[in-house]
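Please find below my notes on the structure, arranged as numbered points. They are meant to be read with the sequence and the model at hand.

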Amino acid sequence: MSELQRRLLAYADSLKSRADISPEKFGAAIGVSLVPDEKVSIRSIAKDLVMAEGFNYAASYFSVESPRDYPRHSVVFYHLGKPSVTEAPGDVCYWDADSAGQALERLGYKGLGESPFQRGGVRRYWRPIDAGKGMSTSLLTYRIDERAGFRTCVYEIRFSGGDM
């Protein structure tokens, strides 16, 4: 998990222009090959990938035609065959949301706050790139109940962006 987190942060740091964004560059950055989705023509995917810790992850990349927007691409963490952590949080924390957000801020992303999202939350971060454009990196979050209180964790990191 720590290696994938490191790769995702290095990828977030590499995004300086739209030319830095492609399914091939995204896949290479996280160490997987994305293949076209037979069901959705504008999507490339890699799914049910296994990490050493017994977690799974999947990556997806949605192409866009508009020069105003950047493709949305993401990595989601899960346990194969178990309910989503937003439905049944349990005690698994894939990635601490505070440390992930602080790492993004060290890369020059500005935190824009957190809002409710699909039985969890979304923390948005923004960094200007290209003239008049910006890169958005969002952390989709859930809370687990630790004995000393709640902890917020990340189950998906999503990249997009476009005109500011």
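1. Y94 and Y142 are both buried. In this predicted model, the rings of these two tyrosines form an edge-to-face aromatic pair, with 6.1 Å from centre to centre and 65° between the planes. The label follows from the angle, because planes over 60 degrees apart count as edge-to-face. Y94 is found in the loop between β4 (69-78) and α3 (97-106), while Y142 belongs to strand β7 (residues 133-146), so the pair ties together parts that are 48 residues apart in sequence.

2. Ring pairs join Y94 and Y142 with F55, F77, W95 and Y155 into a cluster. Over the whole structure, the search finds 8 aromatic pairs. A pair of aromatic rings is described by the distance of the centres and the angle of the planes.

3. Another of the aromatic pairs deserves a separate remark. F26 and F159 are arranged edge-to-face, their ring centres 6.2 Å apart and their planes at 70°. This pair links distant parts of the chain: F26 is in helix α2 (residues 23-30) and F159 in strand β8 (residues 149-163), 133 residues apart. How accessible is F26, buried or exposed? F26 has a relative accessible area of 0% and is therefore buried. F159 likewise has a relative accessible area of 0%, so F159 is buried.

4. The next point concerns the disulfide. How many disulfides does the structure hold? There is 1 disulfide in the structure, and the cysteines that form it are C93 and C153, whose sulfur atoms are 2.1 Å apart. The torsion about the S-S bond of C93 and C153 is about -115°, which means that the disulfide is left-handed. C93 lies in the loop between β4 and α3 and C153 in strand β8, so that the bond links distant parts of the chain, 60 residues apart. Both C93 and C153 are buried. A disulfide is a covalent bond between the sulfur atoms of two cysteines.

5. I turn now to charged side chains. The search of the whole structure finds 10 salt bridges, and E3 takes part in one with R6, where the closest N and O atoms are 2.6 Å apart. E3 and R6 are 3 residues apart in helix α1 (residues 2-14), which means that about one helical turn separates them. E3 has a relative accessibility of 38% and therefore counts as partly exposed. The value for R6 is 47%, so R6 counts as partly exposed.

6. E3 has a further partner in R7. The closest N and O atoms of the salt bridge between E3 and R7 are 3.1 Å apart. Through shared partners, salt bridges join E3, R6 and R7 into one network.

7. A salt bridge between R127 and D13 reaches across the sequence. The closest N and O atoms of R127 and D13 are 3.5 Å apart. Why does this pair tie together parts that are 114 residues apart in sequence? The reason is that R127 lies in strand β6 (residues 120-129), whereas D13 lies in helix α1. R127 is buried, with a relative accessible area of 7%, whereas D13 is partly exposed, at 31%.

8. Where is D37 placed? D37 sits in the loop between β1 (35-36) and β2 (43-50). The relative accessible area of D37 is 9%, so D37 is buried. The side chain of D37 makes a polar contact with the side chain of R43, at 2.2 Å. When neighbours within four places in sequence are left aside, D37 is in contact with R43, S44 and I45.

Key: Residues numbered from 1 in each chain as written. Predicted model: local features only at pLDDT ≥ 70, side-chain atom pairs only at ≥ 80, totals over all residues. Heavy atoms only, no water. Phe/Tyr/Trp six-rings, centres within 6.5 Å; stacked < 30°, edge-to-face > 60°. Helix = DSSP H or I, 4+ residues; strand = E, 2+ residues; numbered from the N terminus. Buried < 20%, exposed > 50% of the residue type's maximum accessible area, 1.4 Å probe, protein only. Salt bridge = Lys/Arg side-chain N within 4 Å of Asp/Glu carboxyl O. Polar contact = N/O pair within 3.5 Å; in protein donor to acceptor, adjacent residues only side chain to side chain. Contact = heavy atoms within 4.5 Å. Disulfide = S-S within 2.5 Å.
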